[in-house]
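User: Hello! I have just opened this structure and would like a friendly tour in questions and answers. Could you help me read it?

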Amino acid sequence: MADLRREFPIFQAHPKLVYLDSAATTHKPACVIEALTRFYAEEYATVHRAIYRSSLAATDRYNETRETVRAFLNAPSSDEIIFTRGTTESLNLVASSYGRTHLKPGDEILVSEMEHHSNLVPWQMLAEQTGATLRWMPMQLDGTVEVNITPKTKLVAIAHVSNVTGTIHPIADIAKAAHRVGAILVVDGAQAAPHLPIDVQALDCDFYAFSGHKCYGPTGVGILYGKKTLLDTMPPIQGGGDMIERVTIEKTTYAAPPLRFEAGTPLIASVIALKPALDFLQQAGFAHEATLMPLLEQGLRTIPGLRILGHPPKKGPLVTFTIEGVHPLDLATLLDLDQIAIRTGHLCAQPALRKYGLDSAARASIGLYNTSSDIERFITVLKRSLVKLKPQ
Ligand SMILES: Cc1ncc(COP(=O)(O)O)c(C=O)c1O
């Protein structure tokens, strides 16, 4: 949308940029950049530890973001919102804290076959550490998964929206199936939070992770939502300042969640600037993405030899594709000469790509700043590039 695009200074610096890699990371609106600059230039102080006014003000703003995130996810309490460095750290926190203390040999960890490595490798490591067995929900070529929970399943991990096929998985149904056998459900919301309204109570998931930088916020800040009843049973994974209740030379008792999981001086500025990002995202809404997706898919379908990976019943605003006889890297290099940015490679989801017999693919993903003319230019330049790459 042209109006929204104007809010992003990057497009004033690079007016011809067609940015189709928002699934990797998003550009930042002026309100987020201003919040960061203002905090460092005029308001900077530490949080939690001091009684001078700038520190008290910074602590208030830090906590305001926690409340904003609570409302964004419709979580019951802001004590259930933990600040991390990103989705990856959030998922590793669940594996290292909940996983190591609740799983034992004979238990099953169930992941989908199409996960981002961030929602696969921590569970493989956890299986090695605890003796639990890692199993997977097989992926179908349409981009859906077969949910094969068994009585031995103790933990299920799946993305809300796939970064490969865009599949929106039926999280509330999977949560019911997991809870029926006493398992917990961990949701990787990295590709969902920027594009769908999220309600963790309606989904009834036990943990939900996402990254600020994919939601128009700064890098280095992520979120872990966890049900209070579970967080209360979990040990910290890092010791240090802020996470303690009382320390003697022999022993320490820990603060209650969320601070129990936020050792050390946090990413204060990034957390503070996440609030305007989430406010911006909520005000913008998701409607325009729904109008751009058909344009993108229809445009791509006019290209001979182009194959779109997956055709799930419901999907987020991204398309992963290959073109017969053309290496994705060559294609992306030519597109870049025209200032068109798409993602190529294994998309951090090697098992999913392998399912399609691929080790590399191209992905175009949509953000709030994209317009119909972005999509038209992408398709036109793509066709022109193919003439160079596939001379008749
Ligand atoms: C589905 C999914 N999960 C997890 C991640 C990891 O996010 P981060 O690198 O911000 O931790 C990504 C990032 O691309 C993703 O797409």
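This is a predicted model: local features need pLDDT of at least 70, side-chain atom pairs count only at pLDDT 80 or more; totals for chains, interfaces and linings use all residues.

User: How many aromatic pairs does a search of the whole structure find?

Analyst: Rings count as a pair if their centres lie within 6.5 Å. Searching the whole structure with that rule gives a total of 13 aromatic pairs.

User: What kind of pair do the rings of Phe8 and Tyr216 make?

Analyst: Their centres are 5.9 Å apart, and their planes meet at 65°. Planes over 60 degrees apart have a name of their own. The pair of Phe8 and Tyr216 is therefore edge-to-face.

User: How many residues apart are Phe8 and Tyr216?

Analyst: Phe8 lies in the loop between helix 1 (2-5) and helix 2 (10-13). Tyr216 lies in the loop between strand 7 (207-211) and strand 8 (222-226). The pair thus links distant parts of the chain, 208 residues apart.

User: And what kind of pair do the rings of Phe39 and Tyr40 make?

Analyst: Here the centres are 6.0 Å apart and the planes are at 55°. Planes under 30 degrees apart would count as stacked and those over 60 as edge-to-face, with the rest in a third class. The pair of Phe39 and Tyr40 is therefore tilted.

User: Which residue has a ring with the charged end of Arg5 over it?

Analyst: The charged end of Arg5 is 4.1 Å from the centre of this ring. The residue in question also belongs to an aromatic cluster with Phe8, Tyr19, Tyr216, Phe280 and Tyr369. Its name is Phe11.

User: Let us move to the ligand. How many of the residues in the shell around the ligand are polar?

Analyst: The residues around the ligand include Gly86, Thr88, His116, Ser118 and Asp188. The shell divides into 1 nonpolar and 2 charged residues, while the polar ones number 9.

User: How far is an oxygen atom of the ligand from an N or O atom in the side chain of Lys214?

Analyst: A polar contact needs a pair of N or O atoms within 3.5 Å. An oxygen atom of the ligand lies 2.7 Å from an N or O atom in the side chain of Gln191, and one is 3.4 Å from a polar backbone atom of Thr87. For the side chain of Lys214, the distance is 2.5 Å.

User: How much of the accessible area of the ligand does the protein cover?

Analyst: On its own, the ligand has 400 Å² of accessible area.

User: Which residue has the backbone oxygen that the side chain of Asn163 reaches?

Analyst: Asn163 is one of the residues around the ligand, and its place is in the loop between strand 5 (153-159) and helix 7 (171-180). At 6% relative accessibility, Asn163 counts as buried. Its side chain reaches, at 2.9 Å, the backbone oxygen of Leu347.

User: Finally, how far apart in space are Arg49 and Gly241?

Analyst: Arg49 sits in the loop between helix 3 (30-43) and helix 4 (53-73) and is partly exposed, with a relative accessible area of 45%. In sequence, Arg49 and Gly241 are 192 residues apart. In space, C-alpha to C-alpha, the distance is 9.4 Å.

Notes:
Residues are numbered from 1 along each chain as its sequence is written. Side-chain values use heavy atoms; hydrogens and water are left out. A residue is near a molecule or strand if one of its heavy atoms lies within 4 Å of it. A polar contact is a pair of N or O atoms within 3.5 Å; within protein, one must be able to donate a hydrogen and the other to accept it, and residues adjacent in sequence count only if both atoms are side-chain atoms. Accessible areas come from the Shrake-Rupley method with a 1.4 Å probe; for residues, only the protein chains shown count as cover. Ala, Val, Leu, Ile, Met, Phe, Trp, Tyr, Cys and Pro count as nonpolar, Asp, Glu, Lys and Arg as charged, and the others, Gly among them, as polar. Helices (H or I, at least four residues) and strands (E, at least two) are DSSP runs, numbered from the N terminus. A charge sits over a ring if NZ of Lys or CZ of Arg is within 6 Å of the ring centre and within 35 degrees of the ring normal. Buried means under 20% relative accessible area, exposed over 50%, partly exposed in between (1.4 Å probe, protein chains only).
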